[in-house]
Amino acid sequence: MARERREIKRIESAAARQVTFSKRRRGLFKKAEELSVLCDADVALIVFSSTGKLSQFASSSMNEIIDKYSTHSKNLGKTDQPTLDLNLEHSKYANLNDQLAEASLRLRQMRGEELEGLSVDELQQLEKNLETGLHKVLQTKDQQFLEQINELHRKSSQLAEENKKLRNQVAQVPTAGKLVVVDTENVIAEDGQSSESVMTALHSGSSQDNDDGSDVSLKLALPWK
């Protein structure tokens with residue numbers, strides 16, 4: 001006769017529950033010991049009863065098995081971390097790739113390409129965006145033209161000022177030469193007489209010497225300014 005299978009649920013009777021706990025605990029520890037011996041495995045069991053009583057089984061040392069478990073858990077967390085980072089980077093890359101594709105499509109549409117799938121409202125919005133962009137482009141162009149014109153005016157004023165200075169410098173050169181000519185025409189001799197007086201005296205002296213029949217040679221040195 002087949003044994004009736006008992007339904008797995010909480011036992012309401014405290015006494016029956018305690019008896020069942022004791023029997024199944026011994027059976028669980030026995031199975032753990034068999035697993036440890038047959039498979040040469042490190043097995044540790046920790047069980048707390050409903051009253052808080054601790055029961056444990058360890059095939060070797062409970063502390064050593066717990067330390068081994070803690071070390072393995074830490075290493076497992078470190079192993080999973082690169083996978084999580086890789087998934088995050090892949091998600092970021094996919095998001096950036098989608099943004100790039102959308103921006104490229106908008107650029108092509110602004111060039112007048114791939115407009116077939118757009119609705120009337122989308123086309124009107126695109127037209128408005130183009131008009132706004134064109135206005136900004138024209139405004140920027142006018143501003144740059146104005147800056148270039150102002151720069152040319154500044155350079156023109158600077159060149160005119162330099163040209164005026166050069167004209168003034170050139171105008172002073174003939175005046176200096178004229179003063180030199182005037183001074184040389186009014187040269188003063190060493191004895192305080194003018195050049196005209198000296199020439200008159202020389203002419204008179206030459207006439208007297210020629211009348212006496214003597215040959216006189218006279219040299220006159222005039223200062224140069």
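Guide: In this predicted model, 21% of the contacts with a separation of 6 or more join residues 24 or more positions apart. The protein has 225 residues, of which 8% count as buried. Its secondary structure consists of four helices and two strands, arranged along the sequence as α-β-β-α-α-α.

The part to look at is the pair of strands. β1 covers residues 44-48, and β2 covers residues 54-58. The two strands run antiparallel and are paired over five bridges. Five residues lie between them in the hairpin, and one feature there is Gly52, with a positive phi near 95°.

Leu45 and Val47 are on the covered face, while Ala44, Ile46 and Phe48 are on the uncovered one.

Across the strand pair, Leu45 stands opposite Phe57 of β2. Leaving out residues up to four places away in sequence, Leu45 touches Leu28, Phe29, Ala32, Ser55, Gln56, Phe57 and Met62.

Leu45 also belongs to the largest nonpolar core, together with Phe29, Ala32, Val43, Val47 and Phe57, which makes six residues in all. Both α1 (14-39) and β1 supply at least two residues of this core.

The phi of Asp40 is near 55°, a positive value in a residue that is not glycine. For comparison, most residues other than glycine have a negative phi. Asp40 counts as exposed because its relative accessibility is 71%, and the cut-off for exposed is over 50%.

Elsewhere in the model is the largest pocket, with a volume of about 320 Å³. The residues that line this pocket are Arg6, Glu7, Ile8, Lys9, Arg10, Ile11, Glu12, Arg17, Thr20, Phe21 and Arg24. Sorted by class, the pocket lining comprises seven charged residues, three nonpolar and one polar.

Definitions and conventions. Residues are numbered from 1 along each chain as its sequence is written. This is a predicted model: local features need pLDDT of at least 70, side-chain atom pairs count only at pLDDT 80 or more; totals for chains, interfaces and linings use all residues. Side-chain values use heavy atoms; hydrogens and water are left out. On a 1 Å grid over the protein atoms alone, a cavity is a set of points where a 1.4 Å probe fits but cannot get out, and a pocket is an open set with protein on both sides within 12 Å along at least five of seven lines; lining residues have an atom within 4 Å of a point. Grid points are joined across faces, edges and corners, and a volume is the space filled by probe spheres set on the points. Ala, Val, Leu, Ile, Met, Phe, Trp, Tyr, Cys and Pro count as nonpolar, Asp, Glu, Lys and Arg as charged, and the others, Gly among them, as polar. Buried means under 20% relative accessible area, exposed over 50%, partly exposed in between (1.4 Å probe, protein chains only). Two strands pair if DSSP finds at least two bridges between them. A nonpolar core is a set of buried Ala, Val, Leu, Ile, Met, Phe, Trp, Tyr and Cys residues joined through side-chain atoms within 4.5 Å. Contact means heavy atoms within 4.5 Å.
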